[in-house]
Amino acid sequence: MLAADQVSKSLVLAAVPTGAAGSGWISVRLARNTGASGGLASGYPVLVTVAAIAITAVAAAFALRARGPAVTLCLAAVLGGAAGNLSDRLFRPPGFGRGAVVDWIHLGAGGGSMDVADVAIQLGVIGAIVALVAGDRARRAREARRAAQPSDSR
């Protein structure tokens with residue numbers, strides 16, 4: 001995910017250096033975001049970078065402790081997306097730890113832009129929650145069947 005995010009940003013920066021391309025429901029619109037999602041805390045890039053480091057570490061810890069392939073895959077997507085945006089914050093202008101995330105996927109007429117990392121984070125979180133809930137329901141159903149078996153054999 002990290003590689004896909006960085007390659008897509010490099011390709012878009014090379015192809016659309018002036019800001020916008022295309023129209024319609026999905027278009028390419030370059031935006032450099034020094035804040036968190038939606039531009040939150042954009043005046044505090046170092047604070048946002050420190051928070052991004054912490055979030056990436058938490059995502060890594062959860063991914064390492066995940067049980068089941070679906071949850072692990074989803075958390076890996078979250079981790080890859082977090083690492084993609086963190087690498088922008090660390091290595092892109094205006095400088096180390098103050099860099100701007102290159103957002104380029106623009107949806108609809110209003111709203112902001114996002115990138116491959118943001119999509120991975122959002123879909124990964126949703127997928128992990130769905131996988132956890134589904135796994136919990138399946139576990140409860142197995143336990144209920146096991147609990148019902150001894151009474152059926154009487």
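Guide: Serine 87 lies in helix α3. Helices are DSSP runs of H or I with at least four residues, strands are runs of E with at least two, and both are numbered from the N terminus. This is a predicted model, where local features need pLDDT of at least 70, side-chain atom pairs count only at pLDDT 80 or more, and totals for chains, interfaces and linings use all residues. Residues are numbered from 1 along each chain as its sequence is written, and side-chain values use heavy atoms, leaving out hydrogens and water.

Visitor: Why does serine 87 count as buried?

Guide: Buried means under 20% relative accessible area, exposed means over 50%, and partly exposed is in between (1.4 Å probe, protein chains only). Serine 87 has 15% relative accessibility, so serine 87 counts as buried. Leaving aside residues up to four places away in sequence, serine 87 touches Leu2, Gln6 and Arg92. Touching is contact, that is, heavy atoms within 4.5 Å.

Visitor: What makes alanine 61 partly exposed?

Guide: Alanine 61 sits in helix α2. Its relative accessibility is 34%, so alanine 61 counts as partly exposed.

Visitor: Why are α2 and α3 called roughly antiparallel?

Guide: Start with the angle. Axes are lines fitted to C-alpha atoms, for helices over the stretch in contact, and angles run from 0 to 180 degrees between N-to-C directions. Under 35 degrees is roughly parallel, over 145 roughly antiparallel, 65 to 115 roughly perpendicular, and the rest oblique. Helix α2 (residues 45-65) and helix α3 (residues 69-91) cross at roughly 160 degrees, and their axes come within 9 Å. Therefore α2 and α3 are roughly antiparallel to each other.

Visitor: Which residues of α2 and α3 make the contact?

Guide: Among them are Val48, Ile53 and Phe62 of α2, and Leu75, Leu86 and Arg89 of α3. By class, this contact has 14 nonpolar, three polar and one charged residues. Ala, Val, Leu, Ile, Met, Phe, Trp, Tyr, Cys and Pro count as nonpolar; Asp, Glu, Lys and Arg as charged; the others, Gly among them, as polar.

Visitor: What is the order of the elements from the N terminus on?

Guide: The protein has four helices and four strands. The elements run α-β-β-α-α-β-β-α.

Visitor: What does the C-alpha trace span along its principal axes?

Guide: The span is about 75 × 35 × 25 Å. Buried residues make up 34% of the 154 residues.
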